[in-house]
Amino acid sequence: MEMNSAEPTITVVVPVYNRAGIVTETLDSIACQSERPMSLFIVDNNSTDNTLAVVTEWAEKHVTPDFSVTVLSENTPGAAAARNKGLEAVTTPYVMFFDSDDIMLPGHVKDFADTFRADPDLDIAGRDIVSIELDGHKKVQRFADRDMLFRHAFNAILSTQRYAVRTSFIRKAGAWAPDALAWNDFELGFRLLVNKPACKKIDNDMTVIMRRQAQSITGTRFSDTPEKWEHSLDKCEHTLASAGYAGDAIELRRAVLAAIYAREGSGHGKRLLDEVISRQKSKFRKTLYTFAFHYTKSGGRGIHILLRPFLNFFKDV
């Protein structure tokens with residue numbers, strides 16, 4: 001493995017909760033990274049199985065002079081709190097967050113480190129990744145370094161596995177929000193973007209395999225926990241409003257979420273749509289959001305593209 005500098009450039013932070021059976025595969029993929037030296041924090045978040053023992057044993061076996069591994073514990077429930085625990089301990093100039101059930105290929109961290117070394121003014125570097133969905137099919141999750149507010153609003157380009165960030169920049173943005181129990185990376189993404197980061201997309205081959213899990217902490221049905229999704233959207237709207245942006249993007253996300261509720265057979269769909277419609281001041285806007293709801297409920301995709309000429313979305317950042 002190549003030695004690139006006297007001190008690590010990037011720390012990888014991995015929160016973990018009840019992943020004793022699969023977490024070592026993720027950790028093994030991190031240990032195989034070609035970037036050296038490197039730093040890893042594993043944060044156990046109140047696991048009720050033997051995850052803490054598993055990751056502690058793994059760390060003891062894998063720590064080397066050029067691979068620092070630290071196991072931490074965080075009692076506050078939720079991945080956001082666990083990530084913050086790791087972030088507090090980071091001393092490297094850049095940090096990358098990674099989930100405990102995903103896989104990174106050997107050149108992943110080096111690509112980011114090389115990108116930051118080549119352009120020290122960058123705040124965020126990102127890349128496309130591959131996700132394996134619950135039905136087994138593969139899907140490419142895109143990153144973008146243009147039109148980022150719009151792309152994040154509707155494609156969540158700053159999902160956890162897609163980027164690395166300057167440590168001081170994410171701290172300035174306020175780090176992770178522990179009260180955002182769903183879409184916490186989506187919520188953080190807006191706080192990062194309103195701080196106008198210098199960003200670059202890495203165009204090398206995709207080096208992350210994200211594996212969807214039916215046992216996700218937020219479940220697989222949106223309508224089972226509507227308060228979580230809607231609270232995160234409320235936080236996003238507050239962030240954007242504080243930065244001077246109109247709320248059309250978040251209202252459209254609410255209309256789409258209402259359609260998903262309705263597809264799941266839940267009355268939350270009508271309730272949330274009614275809330276969106278009640279806030280609109282013109283019949284035209286009421287019609288747009290109603291159309292968005294029915295279009296999405298019937299299986300239509302890309303409603304944000306169709307309605308972009310008519311709603312007050314974002315300019316390029």
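Which residue in E13 is the bridge partner of Ile 132? Select Ile 132 and look across to E13: the partner is Arg 211.

Before moving on, a word on what you're looking at. This is a predicted model, where local features need pLDDT of at least 70 and side-chain atom pairs count only at pLDDT 80 or more, while totals for chains, interfaces and linings use all residues. Residues are numbered from 1 along each chain as its sequence is written, and side-chain values use heavy atoms, with hydrogens and water left out.

The labels are simple too: helices (H or I, at least four residues) and strands (E, at least two) are DSSP runs, numbered from the N terminus. Two strands pair if DSSP finds at least two bridges between them.

**Stop 1**

E9 and E13 are joined by 3 bridges and run parallel. They belong to an open sheet of 4 strands, in the order E7-E13-E9-E10, with mixed pairing. Its edge strands are E7 (103-104) and E10 (138-141), each pairing on one side only.

Now select 103-104 together with 208-211. That's E7 and E13, paired in the antiparallel sense over 2 bridges. Ile 103 has Ile 209 as its bridge partner in E13.

Next, select 129-132, which is strand E9; 4 bridges join E9 to E10, and the two run antiparallel. Ile 129 finds its bridge partner, Gln 141, in E10.

**Stop 2**

Select 10-16 and 38-44. These are E2 and E4, which run parallel and are joined by 6 bridges. Val 13 stands opposite Phe 41 in E4.

On to E6, residues 94-97. E2 and E6 pair in the parallel sense over 4 bridges, and Thr 11 stands opposite Val 95 in E6. E6 also pairs with E11 (residues 163-166), this time in the antiparallel sense over 2 bridges, where Val 95 stands opposite Val 165.

Show the side chains of E6. In a regular strand the side chains alternate between the two faces of the sheet. Here Tyr 94 and Met 96 point one way, Val 95 and Phe 97 the other way, and all are buried (buried means under 20% relative accessible area, exposed over 50%, partly exposed in between, with a 1.4 Å probe and protein chains only).

**Stop 3**

Ser 39 sits in E4. Is Ser 39 buried or exposed? With a relative accessible area of 8%, Ser 39 is buried. Its side chain makes a polar contact with the side chain of Thr 11 (3.5 Å). A polar contact is a pair of N or O atoms within 3.5 Å; within protein, one must be able to donate a hydrogen and the other to accept it, and residues adjacent in sequence count only if both atoms are side-chain atoms.

Gly 21 is in the loop between E2 and helix H1 (23-31). Gly 21 counts as exposed, at 71% relative accessibility.

Arg 83 lies in helix H3 (residues 79-89) and is buried, at 4% relative accessible area. Look for Asn 184: the side chains of Arg 83 and Asn 184 make a polar contact (2.9 Å).

**Stop 1: two helices**

Finally, select 184-193 (H7) and 226-242 (H8), whose axes come within 9 Å and cross at roughly 0°. H7 and H8 are therefore roughly parallel to each other (angles under 35 degrees count as roughly parallel, over 145 as roughly antiparallel, 65 to 115 as roughly perpendicular and the rest as oblique). Residues in the contact (heavy atoms within 4.5 Å) include Phe 186 and Phe 190 of H7 and Leu 233 and Leu 240 of H8.

Terms used. Axes fitted to C-alpha atoms, helices over the stretch in contact; angles between N-to-C directions.
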